[in-house]
Each structure stands twice: as C-alpha cells, then as structure tokens.
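Open the model in your viewer and keep the selection tool ready. Each stop below says what to pick and what to look for.

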Amino acid sequence: MTTRKIRKIGLKAGAFISALALMSAGAQAGNRSYSYIQSQASDAVSIQSPGQSAVSKSIVLPFSKSTVVELPVPMMDVIVSNPDIVEAMVHTANRTVLIGKQTGQTNVYFYGNNGQEILSLEIRVERDINGLKSLISQHASDSNVEVQAVNNNLLLTGRVANAATADKIAAIATMWLDENTNGVKGEVVNLMSVDGKDQVLLKVRMVEMQRSVSKQIGINLTALGNLGDSTLSLLSANALETGAGLSGNFSWNMGGALDRLTGSFDALERVGLIRTLAEPTLAAISGETANFLVGGEFPLLTNVFIDDQGRIQREFEFKPYGVSLGFTPVVLSEGRISLNISTEVSEPTTEGSFETGGVSSDILGLRVRRANTVVELPAGGSLVIAGLIREEARQSLDGTPGLKDIPGIGAAFRSRDDLTTQTELVVIVTPYLVDPTHPDNLQTPLDNFVTANDADALLMGRLNKVYGENAKKLGDKALDGPFGHVVD
C-alpha cells in the first residue's frame, strides 16, 4: 500500500517537472526558428495548373449541344469552373452529361470517393459549323474554303475563284450566325483570297445633241387719216423685236380721208445646235464604290433670316454640277461583271430660276440628265443604259382682235413665233478587267510637249514646237510615232 502511493507521487512529481520544463521552453519561444516547419508545409502543398492532371483531355463542345463522359471508376464530385458556359448533369456514378450553354472556355474536374482526381477536361464551347460547311459546299463547290469558329465568331480562309463567290460565302456565313445567350451576335471575318481579277475599269460615253429651230414673222401697220376736222390714227403693233433676220419698211401717202399708211415687216429664222460629249473613266475593285465629278459648284439659297442688328441674312449651300459618275462593280465570274451605275450630266440654267432681292434670275435652276441602274455585262462589252429623245414645240400668235382672223388680209394684222427643240441623249457603258501597269506605258497630253520659241510664235503663229520628218532626237529621247500636244 505504501509502495503504490510513493509510485503515484513520483509519477505526479515527474509530470509536474515536465510541465515546468515545457513552460520554461515556451517562455523562450521568441528566440527559436520554425523554418523547418514551413519547409515541410511547402513540400506538402500541391498546386495544379490547368491541363497538368495525370489524366487530362481537351475537347470542343458544340454550342447548345451535349456530350457524355463515361468514367472507369465511380465519382464523388464534379466541379465546373464556369457553369454559365458548361452545365454538368450526373446520371450515374460513372456517367456525366456535359451541355454547352454559351461560347467560351472552361474546366471540368472529376474526383473519386477517396478525393483522388479521376479526370480533368479543358472544354472550348464553339458553334457547330458542320451545317455551314455543308451549305458552302452546296453553293460554292468549286471553292477551297475553311471555316473556323472562334469565340462566337466565324473565320473564313482559303481561296475562291472570284469576288462574287467570296461575297456569296460571306453572306451564307452571316446568315448562319445568331445571337448568343447574352444577346451578342458574332462577326464574320473574311480572310479568303480571290484568284481571278477583281479590278474593274468603267468607261462611260455620254453624248447629247440639242437642235432648235425658231421662226418669227411680224407686221406693224400705222394708218393716219382725217375725219372732218379731226385726225385719226390707227396702230397695229405686232412686229417682233428680232434684232436680226429680214427687216423692211414702207410708206404710202394717199391723201383724202386716208392721208398716210406706213408699215414695217420683220422675219427671223434661227437654227441652233448644241453638242455635249463626256467620256469619264473610273476604276474600282470588286465590291467597292468609286465616284467621279468634273464640273463645279454654284450657291443655292437655303435660308433667309434677320440677325440681331435687324439685317437680312442669307444662307447658301453649294450645289455641284457637271459630269458625275458613280459605280459599284462585282466580278461574278471570269469576264462577267455586275455594275451598279449612277451617272449624271447637269448644268446651271435660267429655266426655273427666281428672284429674291429684285435682281433678275439671282437663283438659278439646274438642268439634270440622270441615269441609275444595275446591269450585267461581259468584260469589254458595251450597253446603252439611257437613251432620251425629247421634242418640244412652242407656237404663239399675236395680233389685232377680229382683223387677224380674216382670211388673206389677216396676215397683215398678226405676228407668229414658233420654237421647236429636239434633244437626244445616249449613255453607253463599257467595263474592263484591268491589271496595273508600269508608269512608262502611260501617257498624258503633256508628254513631249515643247512650247514654241519666239520665232515660231511670231512668224508662224504656233503654240507648240513642230518637228520635221527627218528629226531624230529630242534631247536623248527618239521621236518615234505620234507625239506632242494637239490644239484645234
């Protein structure tokens, strides 16, 4: 009995001494280092980068479609890094269905019962382009085009025969796109190369002929007579102020009741001819628009107002006029071109003008001949896109009422003014497929032009230098073939 107690007391004393030792050690903890503990903790931590799992795979999941994942062992957890892109539906312990909800990229991890990673998936959700490839193959079978889906966008690469086929494929791809779950519609990036020529040069000939015929005939009579003690005068002022043509006067002294008869006669026939010829030439690549204008601008009144000082102010807008051309070519196939053409010939005119401040015709009108159309032509072929034939006739009779209607002698009491105008306009277009050339193959009106010297200008009345047939060189350049500048 005594022995047991002594043993227990000894144990308690030993425990007490050990506790004191630990307390003493704890009081000196600030001077000790735990670097070996941190080193052991660092060695125990494992950070895994995406795609570095022991079993890691990458897949492309079509948008709004699903795929099934079968695992060899039962799983406990499925973790999706972005559930908005991919949704995981667990059917059994070994089977999971992954559904692509939105285009983008994410990771999916599968863990077993013991916490061990079974599988790591790198998933990219893209559009299903198999149907698009089938459409392109159906409508552009002769093209070698590759389609790639990149973040809700479509990338088109490869080679096509012409620009029209490229536009057709791009239109099909645009039709294939729709909005994603965020309401954002993707874009079509066209990187296709065109094998055929796609630069179009358009030559337009606009020819206009205006013919006018004017006829004017007028007679003016003056009669002076006596009626008793009174003098009577009769006038027929029907003569036209022609300023040209035939003009005659006569006078007849009769005496008696009809003392004097005088008259004047005017006759004019005017024939006018106006010819307009414009040949604008413009080049553009397939699918792009080119514009051309040769002419000028004139002010057009747009607003009249009173300023703060009570003065009348006018605002003007400059209206272009002249020969303009705009066209958009599309090369349909080798040697066949579709053209969207807009051509116009305009000029200021007093027809339709009006006054604003008492000055005659201070606001001019604009005479316009315009054509807009879409045609399809072979390269080098021509087509008349506009033909206008216009004829206008104006007739007027001025005379003395009653007397001008008497057959025969009524001609002496009336004047006649006839004006006939005929206009004919033709617009011819010709497209060409062209290639760039070297600058040495191009010429300008100033090539080889040399101003005449003082002797030729004074004695011969020449404006430019003229060379004889035996002339060989101009400086270091041989004069072979047509050269110089022609002045009519």
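The tour starts with confidence, then visits a ring pair and a surface patch.

**Stop 1: confidence.** This is a predicted model, so colour it by pLDDT. The mean pLDDT of the protein is 75. Of its residues, 74% reach 70 or more. Now select residues 1-30. Here the pLDDT is below 50. Beyond near neighbours in sequence, this stretch has zero contacts in the model. Move to residues 470-477. The pLDDT is again below 50, but this stretch has nine contacts beyond near neighbours in sequence.

**Stop 2: the rings.** The structure holds one aromatic pair. Select Phe298 and Tyr321 and show their side chains. The ring centres are 6.0 Å apart. The planes meet at 55°, so the pair counts as tilted; edge-to-face would need over 60 degrees. Which strands does the pair link? Phe298 sits in strand 17, and Tyr321 in strand 18, residues 312-333. The two are 23 residues apart, and the pair links distant parts of the chain.

Is Phe298 buried or exposed? Phe298 is buried, because its relative accessible area is 8%, and the cut-off is under 20%. Tyr321 has 25% relative accessibility and so counts as partly exposed.

**Stop 3: the patch.** Select Val304, Ile306 and Ile312. Together they make a nonpolar surface patch of about 310 Å². Ile306 belongs to strand 17, residues 290-306. At 60% relative accessibility, Ile306 counts as exposed, because the cut-off is over 50%.

Note on methods: Residues are numbered from 1 along each chain as its sequence is written. This is a predicted model: local features need pLDDT of at least 70, side-chain atom pairs count only at pLDDT 80 or more; totals for chains, interfaces and linings use all residues. Side-chain values use heavy atoms; hydrogens and water are left out. Patches are made of residues with over 30% relative accessible area and no salt bridge: like charges are joined within 9 Å, nonpolar side chains (Val, Leu, Ile, Met, Phe, Trp, Tyr) within 5 Å. Accessible areas come from the Shrake-Rupley method with a 1.4 Å probe; for residues, only the protein chains shown count as cover. A salt bridge is a side-chain nitrogen of Lys or Arg within 4 Å of a carboxyl oxygen of Asp or Glu. Helices (H or I, at least four residues) and strands (E, at least two) are DSSP runs, numbered from the N terminus. Buried means under 20% relative accessible area, exposed over 50%, partly exposed in between (1.4 Å probe, protein chains only). Rings of Phe, Tyr and Trp (its six-membered ring) pair if their centres lie within 6.5 Å; planes under 30 degrees apart count as stacked, over 60 as edge-to-face and the rest as tilted. pLDDT is the predictor's confidence in each residue, from 0 to 100. Contact means heavy atoms within 4.5 Å.
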